[in-house]
Amino acid sequence: MRDSKNTATTQLSDLLQQERQAILAGDFDKLPALIQAKEQLVSTDFSLSRDQAAKLQNSAQENQRLLSASLRGVRSAINRLRQIEDGAKGYTGYDRNGQATPIRRAEGSVERRA
C-alpha cells in the first residue's frame with residue numbers, strides 16, 4: 001500500500017512537470033488532458049507527508065504563475081494587434097479649435113497614364 005501512495009505522489013509530480021513544460025513551450029493543447037489526469041489522480045486516496053505536500057503545492061503554484069503570465073502575454077498581443085489595426089484605419093487628431101477630428105486613410109486610387 002505504501003508503494004502505491006509513493007507512486008501516486010511521483011505520478012502527480014511528473015504530471016506537474018509535464019504541465020510546466022507544456023506551458024513553457026506554449027503547447028496549451030496538452031493542458032486539458034494533463035488537468036484531467038491530475039484530477040483523476042488526486043481523487044484517489046493517498047496521503048502525503050508535509051514535505052511532499054509542500055513540494056507539490058509549490059509546483060502547482062509555479063505552474064499557475066506561468067499560466068497567468070502566458071495569459072497576460074496573449075492578452076497583450078491581442079491588444080497590440082488591435083492598436084495596429086486601428087492605426088491602419090486612421091487616428092483622431094485635433095483641429096485648430098481643439099475639437100477632436102478623425103483622420104482616416106483615404107481610399108486608394110490608381111491613376112493610369114498612357
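Biologist: What should I know about the model before we start?
Modeller: It is predicted, so local features need pLDDT of at least 70 and side-chain atom pairs count only at pLDDT 80 or more, while totals for chains, interfaces and linings use all residues. Residues are numbered from 1 along each chain as its sequence is written, and side-chain values use heavy atoms, with hydrogens and water left out.

Biologist: How many salt bridges does the structure hold?
Modeller: There are 5, a salt bridge being a side-chain nitrogen of Lys or Arg within 4 Å of a carboxyl oxygen of Asp or Glu.

Biologist: Which residue forms a salt bridge with Arg 20?
Modeller: Glu 62 does, with the closest N and O atoms 3.8 Å apart. The pair links distant parts of the chain, 42 residues apart: Arg 20 is in helix H1 (residues 2-25) and Glu 62 in helix H3 (residues 50-89). Helices (H or I, at least four residues) and strands (E, at least two) are DSSP runs, numbered from the N terminus.

Biologist: And where do Lys 55 and Asp 51 lie?
Modeller: Both are in helix H3, 4 residues apart, about one turn of the helix. Lys 55 is exposed at 54% relative accessibility, whereas Asp 51 is partly exposed at 47%; buried means under 20% relative accessible area, exposed over 50%, partly exposed in between (1.4 Å probe, protein chains only).

Biologist: Turning to the strands, in which sense do E1 and E2 pair?
Modeller: Strand E1 (residues 90-94) and strand E2 (residues 100-104) are antiparallel over 5 bridges; pairing requires at least two bridges found by DSSP.
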